[in-house]
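Welcome! Please have your viewer open as you read.

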Amino acid sequence: MTTGRPGLPVPTAREVELRVGLAVGAGSASVGGGGSLSVTEPDGSRIATIPAGETWQILVAGARVALASPAGWRSPAFEALAITPLDQRGAVRVNGRSYRGVAEVLRDRTGLTVVNRLGMESYLLGVVSAEMGRRTSSELAAVQAQAIVSRTYALRNLRRWQAEGFDLRATVTDQVYGGVAAETPESREAVASTRGRVVTYKGAPIEALYYSTCGGRTAEAFEVFRGAARPYLRSVPDQAPSGTPYCSISPRFRWHEEWTGELLRATLQRNLPQEVGITAEQVREVTDVRVTRNTPSGRADQVTIGLGGSEIRVEGTAIRRVLRPAGGQLLRSNAFTLGVTGAGLGVTRLTADGIGAGHGVGLCQWGAVGRARAGQNYQQILASYYPGTTLERRY
């Protein structure tokens, strides 16, 4: 493999190139860099050079896009723009964040779409630590496992958003991608040492699902994603020989949430209509909230909510969207028990005591860290969370 500077991968002929959607429907975008940037049309026709250290604007221009300098110069309108560092080791800064590769800007239905085009291995540098955080040398195996899982996810989901002009989004919709700022020495080592490796089942990249904290047992795929049964996405115990869950080190291992009667009613008025199709006016009095069905792995699969003379059932992943905490974020997981004060008369207090964070299917990130600390290598970690799969090197 050839490299630009130590630790930074350079795409090869066999390495997959990705197009990552950084923004969709934006009113404008700022671009710049520590070095000079070349701005061209997609066919390579030169438009301008952005000097090192300057920040220029890309604007909507009717059905096209235009470039504007700080000095007031404005380009004609173009169908799309490509912004490339003149130094191959450089980066493009988009809206204040730096990215390797090329930035492309095109007009969409409501504004601008900004895309980062770069090689798979460079993409992973901005994903692995954004997903795993800073880790120590004793936890390298967990970071390596994440690198392989993220590479597998990206390969399997190529062209997922093709209609919008890119492959993957840079958010939790796909994988968190933080660009250059997210890169760490640990991510560089993990990506380089697992180059080209993916997890496969019967020769094809797996559906590489992962999340923060399982709470001691992972979930079956069908428990969370209806119709998504996979032989390698099974519910498995995630405990050390001592019986302690590997992910018990997670700050999200145990959690507690509570709602007053007034807050619960407001929460349900806001969230129930879009999930089950009732109106906010129907949520006048909450008389009960209880778990009425659990999954085989012990997670809540159905919650029944009493609304005066009627009952509403909320199922699966919708439970986390309906029972949101006061901050408005998703409930951390479906692994919880409920405590109700005033059931049958009018709920005055609801509590949820839970374990874990995320959907629970596939790789548990904090469990992987715990396994790495216990001396497991990345091959053992991946085999634990995706039983029956194979590790293959694609390039």
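Predicted model: local features only at pLDDT ≥ 70, side-chain atom pairs only at ≥ 80, totals over all residues.

With which side chain does the side chain of Gln365 make a polar contact?

## Gln365 and its partner

In it, the side chain of Gln365 makes a polar contact with the side chain of Gln146, at 3.0 Å. Gln365 itself belongs to helix 7, which spans residues 365–373.

Is Gln365 buried or exposed? Its relative accessible area is 9%, under the 20% cut-off, so Gln365 is buried. Setting aside neighbours within four places in sequence, Gln365 is in contact with Glu131, Met132, Gln146, Tyr210, Tyr211 and Ser212.

## How helix 2 meets helix 3

Two packed helices can be described by the angle between their axes and the distance between those axes. For helix 2 (residues 140–156) and helix 3 (residues 185–193), the angle is about 60° and the axes are 8 Å apart. The two helices are therefore oblique to each other, and helix 2 passes helix 3 in a right-handed crossing.

On the helix 2 side, the contact involves Leu140, Val143, Gln144, Ala147 and Arg151; these meet Glu186, Ser187, Glu189, Ala190, Val191 and Ser193 of helix 3.

## A closer look at Gln144

Gln144, found in helix 2, counts as buried at 11% relative accessibility. Not counting residues up to four places away in sequence, Gln144 touches Ala190, Ser193, Thr194 and Tyr378. Among these, Ala190 and Ser193 are also listed on the helix 3 side of the helix contact.

Technical notes. Residues numbered from 1 in each chain as written. Heavy atoms only, no water. Axes fitted to C-alpha atoms, helices over the stretch in contact; angles between N-to-C directions. Helix = DSSP H or I, 4+ residues; strand = E, 2+ residues; numbered from the N terminus. Parallel < 35°, antiparallel > 145°, perpendicular 65-115°, else oblique. Left-handed = near helix turned anticlockwise from the far one by under 90°. Contact = heavy atoms within 4.5 Å. Buried < 20%, exposed > 50% of the residue type's maximum accessible area, 1.4 Å probe, protein only. Polar contact = N/O pair within 3.5 Å; in protein donor to acceptor, adjacent residues only side chain to side chain.
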